[in-house]
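Hello,

Here is the structure we discussed handing over. My notes follow below it.

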Amino acid sequence: MLVCPVCKGPLEDRRHADTAGKALPARELVCPADRLAFPVRDGIPVMLASEARVLDAEGDGA
């Protein structure tokens, strides 16, 4: 089981159906506590804080 590398909290698996025209990866692991989204590239989670996308207050990202 993967946990957030920053706070060790649980992650949510998010899949984006339509990423055309958006800078969102097709799949991310999201930490709601830290409002960070970690990309999944070629089926491999990139669990580096420096690679995480910061989410806005609604959880959608900037």
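**Contacts and overall make-up**

Among contacts (heavy atoms within 4.5 Å) in the protein between residues at least 6 apart in sequence, 25% join residues at least 24 apart.

First, the ground rules. This is a predicted model, where local features need pLDDT of at least 70, side-chain atom pairs count only at pLDDT 80 or more, and totals for chains, interfaces and linings use all residues. Residues are numbered from 1 along each chain as its sequence is written, and side-chain values use heavy atoms, with hydrogens and water left out.

The protein has five strands and zero helices. Both are DSSP runs, numbered from the N terminus: strands are E, at least two residues, and helices are H or I, at least four. The order along the sequence is β-β-β-β-β.

Of the 62 residues, 29% are buried. Buried means under 20% relative accessible area, with a 1.4 Å probe and protein chains only.

Two residues to look at:

- L11 sits in the segment before β1 (12–15). L11 is buried, at 19% relative accessible area. Its C-alpha lies 5.2 Å from that of V30, 19 residues away in sequence. Beyond four places in sequence, L11 touches residues including L2, V3, F38 and M47.
- E28 belongs to strand β2 (residues 27–31). E28 is buried, with 1% relative accessibility. Its side chain makes a polar contact of 2.8 Å with that of R53. A polar contact is a pair of N or O atoms within 3.5 Å; within protein, one must be able to donate a hydrogen and the other to accept it, and residues adjacent in sequence count only if both atoms are side-chain atoms.

Best wishes

Note on methods
Buried < 20%, exposed > 50% of the residue type's maximum accessible area, 1.4 Å probe, protein only.
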